[in-house]
Amino acid sequence: MRSILINGEVTYNATSQILNSNTFKKILSELIKDSEEKKNSLLPLFEPFLKNTDTVDTAQKYDIEGIIELLLALTIDPIEKIDGSPYYSFPKMSNKKDLLVRFVESLFSLWRNKHRFIIKRDEYTPNRFDRIFKQMLLVRTNTDLKGLVLSMYRQILINVSDIRLKILRQEPGGAQVGFIVDKPAVDPRMKLKNADWLYELEYVWSIVFEPPVIFYTKSNKRRGVFKVNDRPVLDRIDITDPKDWFGFPIHVGTKLIYVVVNKEYLALASGLGNLFELASFDIIKNKKPDGIYILGIDNQFFEEPDDFNGVIYKENDGTYVGLVGDDPSIDYFGYMKKMILTIHNLLIIDEGRLPIHGALAHIKLRNGKKANVMLIGDSGAGKSETLDALNRLQGEVSEVNILIDDMGSLDITGDGTVVAYGTETGAFVRLDDLQPGYAYSTMDRSIFMNPNEINARVIVPYSNYTEIIKPTRIDYFLYANNYNEDVKEKIAFFKKAEDANDVFSKGARMAKGTTTEKGLTYSYFANPFGAIQRREKHEAIAQRYLKSMIDGGVKVGEVMTRLGIHGFEMEGPLQAAKALLEAIEELES
């Protein structure tokens, strides 16, 4: 049990609510089982509560109810009084105070190490005042739970230990994330065929974060490319236990995608709140989804053994359905984000437009010069790092407004102008490649994933939906080259679309460990998220767009970030940022 779902519809005012809950019994059993397996110092504390040695089931082997009754008693009376009272029949524990303290501390730590979510079932409301009122009720419930957990923990320690609590730490004890859910009444004409189960789920219409939000997942890398099968799959899917699944309706650019997540992967789903715009029930009641993504489906469902890593199907009506299995290797937010964006990109290619794996920023200098710069590149190419470095050149730079962080799309207007659209309202960024301390300056809004490991990530909101879906004209369209060390020019421009296409389509990159790849790698158009699956169709679209940009005066080229070269992790993006600054200075007003 990793994810804990807390009922957000009750009032938390008694310690018995916690200690007598099924969740607490499971946590206690887990701690005892772990002590048995490790034969650690806590095991002697549990031995007096042995009741059945003929079973391996911890809940049957030990007197779990007796341990809980002891803890309940310790919320009221000191251990000495309990030992000397004729009303209690617990094993004598006065001589095991230190062990009891370690036990209580271990229980509290195990609780805090779980992914904790509070779920409140409440009717969706479009009224913003009613919505904030319901959100604040959930906040209050979670605050009460946190206060109850902390007070119970401290009171037991006081009744066990002779040492006073000289330092009081207001540690997180409640839920990390709260979800308000409801079942939307979808117009029958807007329902997808062969997917009745989809409309039995509860959908999230509001998310409440309790910072700092930190999750420790079982993996921190993504591998492989998502396969696409041009045939339907919805008629084979059956979610038999809807209470274990939650729907997250989100806007990805202008596309509506339903993300369906098993409760064990709610930590990954929480990141959606910082990365995409939640769709209102008014939208999903009256619009068919463009795509569906199901995360956590049983691995036995898949036709091929490795398909659990991610496979996409296309329904007869054009709806894309992405599936990822239930496995420790896919417990990484990259599987959430990249599958969603792959579905988006496939839809864009079907429309004859160009999906882009890149970042777009509106850069304004102090002297009034400004430009819209798009940087293209796969994960670890140095896109975000270069823009971050540019933002630190405060002597010359007035502002760097990020319009697209990782994925977007291009379109050509009636007059031939190439414009860009975004997909995400946040950023999923490597901690290692950011300026030291940058992510922690936004700790109150960020979601941290595995901050103790290589490829540690943070999900930070940076924009709003209205801004990212506005068409933005492009001034610079640059490939982020992170692998060339000896370069004379930090930016090189192309005069011909053919030359540009050679570099962009090759998609060379020095892998930075964000996936399972290592060394110099190649990914078609730096975009394994839809482009490579539809390469032939994408090739024709890309050549047309590159020609339109060069013919229309967009400066197309390469910027040398050198992020993949050892020793240039900070200096490379900084030099690239300075070169961009010089280029914008030379841009005609």
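In this predicted model, asparagine 455 counts as buried, because its relative accessibility is 2%, below the 20% cut-off. The residue is found in the loop between strand S19 (447-449) and strand S20 (457-461). Most residues other than glycine have a negative phi. Arginine 562 also has a positive phi, about 55 degrees, although it is not a glycine. This arginine sits in the loop between strand S26 (555-560) and H17. Arginine 562 is buried, with a relative accessible area of 7%.

A further backbone feature concerns a peptide bond. Most peptide bonds are trans. The bond from proline 211 to proline 212 is cis, with omega near 0 degrees. Proline 212 belongs to the loop between strand S4 (202-209) and strand S5 (213-215).

Leucine 19 lies in helix H1, which covers residues 15-19. Its relative accessibility is 1%, so leucine 19 counts as buried. Neighbours within four places in sequence were left aside. On that basis, leucine 19 is in contact with Phe24, Ile68, Leu71, Leu72, Thr75 and Met152. Leucine 19 and threonine 75 are 56 residues apart in sequence. Their C-alpha atoms are 11 Å apart in space.

Threonine 141 lies in helix H8 (residues 128-160). Threonine 141 counts as buried because its relative accessibility is 14%, under the 20% limit. Leaving aside neighbours within four places in sequence, its contacts are Gly8, Val10, Tyr12 and Ile118. Aspartate 411 is 270 residues from threonine 141 along the chain. The C-alpha atoms of threonine 141 and aspartate 411 are separated by 47 Å.

Helix H8 also holds isoleucine 132. Isoleucine 132 is partly exposed, with a relative accessible area of 41%.

Charged residues form a surface patch elsewhere. Glu396, Glu582, Glu585 and Glu586 gather in a patch of negative charge on the surface. Glutamate 586 is placed in helix H17 (residues 571-586). It counts as exposed because its relative accessibility is 68%, over the 50% cut-off.

Side chains of opposite charge can pair when their charged atoms come close. The count comes to 32 salt bridges, with a side-chain nitrogen of Lys or Arg within 4 Å of a carboxyl oxygen of Asp or Glu as the criterion. One of them joins the side chains of aspartate 144 and arginine 140, at 3.3 Å from N to O. Both residues lie in helix H8. They are 4 residues apart, about one turn of the helix. Aspartate 144 is partly exposed, with a relative accessible area of 24%. Arginine 140 is exposed, with a relative accessible area of 54%.

Glutamate 303 forms a salt bridge with arginine 236. The closest N and O atoms of this pair are 3.6 Å apart. Glutamate 303 lies in the loop between strand S10 (291-295) and strand S11 (311-314), and arginine 236 in the loop between strand S6 (227-229) and strand S7 (245-252), so the pair ties together parts that are 67 residues apart in sequence. Glutamate 303 is partly exposed, with a relative accessible area of 39%. Arginine 236 is partly exposed as well, with a relative accessible area of 36%.

Lysine 314 forms a salt bridge with aspartate 350, with the closest N and O atoms 3.2 Å apart. Lysine 314 lies in strand S11 and aspartate 350 in helix H12 (residues 333-350), so this pair ties together parts that are 36 residues apart in sequence. Lysine 314 is partly exposed, with a relative accessible area of 24%. Aspartate 350 counts as partly exposed, at 29% relative accessibility. Lys337, Lys338, Asp406 and Glu424 are linked in a network of salt bridges.

Terms used:
Residues numbered from 1 in each chain as written. Predicted model: local features only at pLDDT ≥ 70, side-chain atom pairs only at ≥ 80, totals over all residues. Heavy atoms only, no water. Helix = DSSP H or I, 4+ residues; strand = E, 2+ residues; numbered from the N terminus. Buried < 20%, exposed > 50% of the residue type's maximum accessible area, 1.4 Å probe, protein only. Contact = heavy atoms within 4.5 Å. Patch = residues over 30% accessible without salt bridge, like charges linked within 9 Å, V, L, I, M, F, W, Y side chains within 5 Å. Areas by Shrake-Rupley, 256 points an atom, 1.4 Å probe, with all protein chains shown as cover. Lys, Arg positive; Asp, Glu negative; His and termini not counted. Charge placed at Lys NZ, Arg CZ, Asp CG, Glu CD.
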